[in-house]
Amino acid sequence: MRISVMDRCNFRCPYCMPEAKYHEHFRFLDASERLSFDEIEQIARVAVSLGVTKLRLTGGEPLLRPDLPELVKRLRGLEGVTDIALTTNGVLLDRYAESLKLSGLSRVTISLDSLDPAVFTRMSGDRSSLTPVLKAIEKAKEIGFPKGIKLNVVVQKGINDEGMEDLAGYFRHSGITVRFIEYMDVGTRNHWNLEEVLPSAVLLERLSRRWPLVAVEAGYRGEVAKRYRYADGAGEIGFISSVTAPFCGDCSRARLSSDGKIYTCLFASEGHDLKSLLRQGADDQVVRNHLIALWEKRRDRYSEERSSGEESKNQHRIEMNYIGG
């Protein structure tokens, strides 16, 4: 289960929260409109009772949520949880990394779209420089999270794709897994264009020409990244190819938005409101029944529909800052 704890972000990445849409007057959720830690814990507890073992905290930018290590500690206390992860843009990670690890965070995924300072700044919506993110990565390495560190790289043709060999080379031998993600049409505000998608197969071929790569078997059913290891033993990379190689049939992820709705797909148009249930006094059994009913009806296959041309061009979809990717 991926849990978005915050709809706000300190970046304005054009592919996610473009400045023109998320300007200074944009209305984000009030604190009272977001789920409380008690509410998040209750939903997570029920989900774990139904077989969920992995929890990932996302945003927006999750480290903007006050006292996040306290939530990590509470979720770590749920019997059956084997993995608590965090996805962050990294700017605030240096400040919170130690307390997050002490609270029980298993691993961290940091977004890093370029090693070119100018490209990085442009892709953050002119909200950050590269230096604090690289510093945070080094801090995370120094601390050492039990299940490691990953980097997520959204690749846009003509925007940052020319720097992918440099980025891969920088993190070879580092123990950090770099995952290259095809630019996706998440939400409806990022002006997605298929022509800006660099197919993973093309990037794989490019990287393979420089460093021979060997395919790695999936670690579990539903693993979204196709993994490859460097033949010389320098580490591993992965490719998430939702556009050119959809994996809807094996997806096992539930998503809890920052405003308390459950979504069964990253590209869903509607969520199921759990916040209202909780605030009406619903106990665990009521929440459990709702989750079971929702999951049993699940028929999501948007990425497959997109690939086959079946999807509606005007379909409303939940925005990334509410659902966290």
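Which residues form one aromatic cluster together with Tyr-22? Select Tyr-22, Phe-26 and Phe-28, and you have that cluster on screen. Two rings of Phe, Tyr or Trp (its six-membered ring) pair if their centres lie within 6.5 Å; planes under 30 degrees apart are stacked, over 60 edge-to-face, and the rest tilted.

A quick note before moving on: this is a predicted model, where local features need pLDDT of at least 70 and side-chain atom pairs count only at pLDDT 80 or more, while totals for chains, interfaces and linings use all residues. Residues are numbered from 1 along each chain as its sequence is written, and side-chain values use heavy atoms, with hydrogens and water left out.

**Ring pairs**

The pairing rule gives eight aromatic pairs. Pick Tyr-170 and Phe-171: their ring centres are 4.8 Å apart and their planes sit at 70°, so this pair is edge-to-face. Phe-171 is buried at 4% relative accessible area, while Tyr-170, at 46%, is partly exposed. (Buried means under 20% relative accessible area, exposed over 50%, partly exposed in between, using a 1.4 Å probe and protein chains only.)

Now jump to Tyr-228 and Phe-239, another edge-to-face pair, with 5.8 Å from centre to centre and 80° between the planes. Tyr-228 belongs to strand E8 (residues 226–230) and Phe-239 to strand E9 (residues 236–240), 11 residues apart. Strands (E, at least two residues) and helices (H or I, at least four) are DSSP runs, numbered from the N terminus. Both Tyr-228 and Phe-239 are buried.

**Strand E6**

Next, colour residues 177–182, strand E6. Why is E6 largely enclosed by the rest of the structure? Six of its six residues are buried, so the strand is largely enclosed. In a regular strand, side chains alternate between the two faces of the sheet. Here, Thr-177, Arg-179 and Ile-181 lie on one side, with Val-178, Phe-180 and Glu-182 on the other.

Which strands pair with E6? One is E5 (residues 149–155), parallel to E6 over six bridges; E9 also runs parallel to E6, joined by four bridges. (Strands pair if DSSP finds at least two bridges between them.)

**Stop at Phe-180**

Zoom in on Phe-180. Its bridge partner in E9 is Phe-239, and Phe-180 is itself the bridge partner of Val-153. Leaving aside neighbours within four places in sequence, Phe-180 is in contact (heavy atoms within 4.5 Å) with residues including Met-164, Leu-203 and Ile-237.
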